[in-house]
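Trainee: I would like to go through the pockets of this protein. Where do we start?

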Amino acid sequence: MSLRPLVTAELLAVGSELTTGQTRETDGGDLARELSGLGVEVRRLTALPDELDLVAGALADALGRVDLVITTGGLGPTPDDLTREAIAAVCGETPAEDPELLAWLEALFARRGRTMVPMNRKQAWLIPSARALANGRGTAPGWWIDRPDGRVIVALPGPPREMAAMWRSAALPGLRARGLGGDRAAATLRLTGIGESDAAALIGEELLRAANPDVATYAREDAVDVRVDARAADGRTAAELLSATLGHLGPLLERWTFARGEEGWPEALARRLGERRVAAVEVGLSGALAGLIGGATWLARLEVLSTTQASVGRLAEAAREQASGGQAGRKPAGRKLAGLKLPGGGTIGLAVRIEPSGRDTAVRIGLADEGGTAVSDEIAFLGGTDGRRRAALAACATLWRRLGDPGGAGESEGPAS
C-alpha cells in the first residue's frame, strides 16, 4: 500500500433526513473547520439521501479526486442505513459479521437490560480491508479503510455527539499518525464599519482571484471577515506566503480591523481597555448588547432597560453617570436623549438607545470617559431583531473607535463633571 500524504479531503453526509431538511447537517462544517486548521484542503461537502447507488457513486467519485474521504451517518441498524453497503460495493468486498464486534454489541444491550434484536447485527459488519472504530456513545462502530493507492476512507456515525467523540478518540489520532495535512497557514482579519463589497474593492480583484494564497471575504453576523489561506509553493513556506499577503493587506484594512481569527468583541475591546472597565446601559435592545458582551471580564455592570423605563432625558449624562460610579453633576447634558439616572462602577460609561425609523432602526450612543462625553447617531439596517443586533454591534464599534481615538467618537459634550 502506498502511504500518500493526506492533504485533500471530501466529506459525505449520508441520510435522507438531511436532504429533505428534517435535520440540519452540522457534522460536515465541524469536520471541515478542523481539517482546514490541520492543513487539509476540503474540496467538497455533500449531503446524500439513503440511496445505495447515489452514496456508492459519490464515494467512488470522491476517491478519484482526493486523498481522504470521510462519511458521516448511515451506520445505524435499519435497512435504510446503507453507508457500509456503499463502501463495500466501492471496495469490491463483501461485509461479514465480526465476532468481536458482535460480542461487544450483545454485551452493550445486556448491560442495559435489553435483548438485541437481529436487525442490530449489521452493526457488527466489517469488510476485509476495514477495521472498526470504537463508539463510546452509541451502538454504531465506525470504519477505517486503507485503500491500495494510499487513500483513506473513514466512516463515522451521524449523531453529532457520537461523531465528535469517535473523531477525537479514534479517527483523528490515526490520521495524524498516518500523515495528515500539508504545509498550510491561514489567518482571518475581522472588520467593522465597512461592507463586504467595499472591503473587496480595497483588496482588489487580482488578489481575490489568485489561487495561492487564497484571499476571500465573508459577511458574518458580527463582522466582515477576510480570510487568507496559503500553501507552500515555489520554495516558500506557507507561513512566508501568508506573512507577505498580510503585510500587503494590513495597511489597506487597518482602519477597520478590530480582531483576528476567532476573536469577537469581548477580546477586541479587552486589548484596548487594558486595566479599565466599562459600565453600560442598553435601552430598547432587549438584551442584544448583553448577548454580545455580557460575559466580558472587563464589564463592571450592564443594565438592560425597556424604552418605557427610559423614554425622555439624557443619554450622554447616563454614560457619564456610569463612568463616575454615581450621579452626574447638576449641570445638564448638551442633548436630551434618554432619561437614565443609573449609578455604576466603571471608568468608562456606555449607553445605547434605539427607536424605530421607518423600516430601519435609529441608534443613539453615548460614551463618557476621562476625556469627556460624546454622542453619536446612526441608522441600523432593518428593524426588529436585526436592528437590535446591529445596534449592539454599533455600540461596540463606537466604543472600540473611542478607545483607539479618544477624540473621534462623535459630538463632544465637554469634560465629565
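Mentor: With the term itself: on a 1 Å grid over the protein atoms alone, a pocket is an open set of points with protein on both sides within 12 Å along at least five of seven lines. A volume is the space filled by probe spheres set on the points. Keep in mind that this is a predicted model.

Trainee: What volume does the largest pocket have?

Mentor: The value follows from those probe spheres, since a volume is the space they fill. For the largest pocket, that comes to about 680 Å³.

Trainee: Which strand supplies the largest share of its lining?

Mentor: The lining of the largest pocket has 24 residues, and Ser 36, Ala 186, Thr 188, Arg 227 and Asp 229 are the closest to the centre. Helix 2 (27-37) and strands 2 (41-48), 9 (184-191), 10 (214-219) and 11 (224-231) each give at least two lining residues. The largest share, six residues, comes from strand 9.

Trainee: How many residues of that lining are charged?

Mentor: Asp, Glu, Lys and Arg count as charged. Next to eight nonpolar and five polar residues, the lining of the largest pocket has a charged group of 11.

Trainee: Which element gives the most to the lining of the second largest pocket?

Mentor: This pocket, of about 440 Å³, is lined by 21 residues, with Thr 192, Gly 193, Arg 390, Leu 393 and Ala 394 nearest its centre. Strand 17 (372-380) and helix 13 (384-404) each supply at least two of the lining residues. The most, six residues, comes from helix 13.

Key: Residues are numbered from 1 along each chain as its sequence is written. This is a predicted model: local features need pLDDT of at least 70, side-chain atom pairs count only at pLDDT 80 or more; totals for chains, interfaces and linings use all residues. Side-chain values use heavy atoms; hydrogens and water are left out. On a 1 Å grid over the protein atoms alone, a cavity is a set of points where a 1.4 Å probe fits but cannot get out, and a pocket is an open set with protein on both sides within 12 Å along at least five of seven lines; lining residues have an atom within 4 Å of a point. Helices (H or I, at least four residues) and strands (E, at least two) are DSSP runs, numbered from the N terminus.
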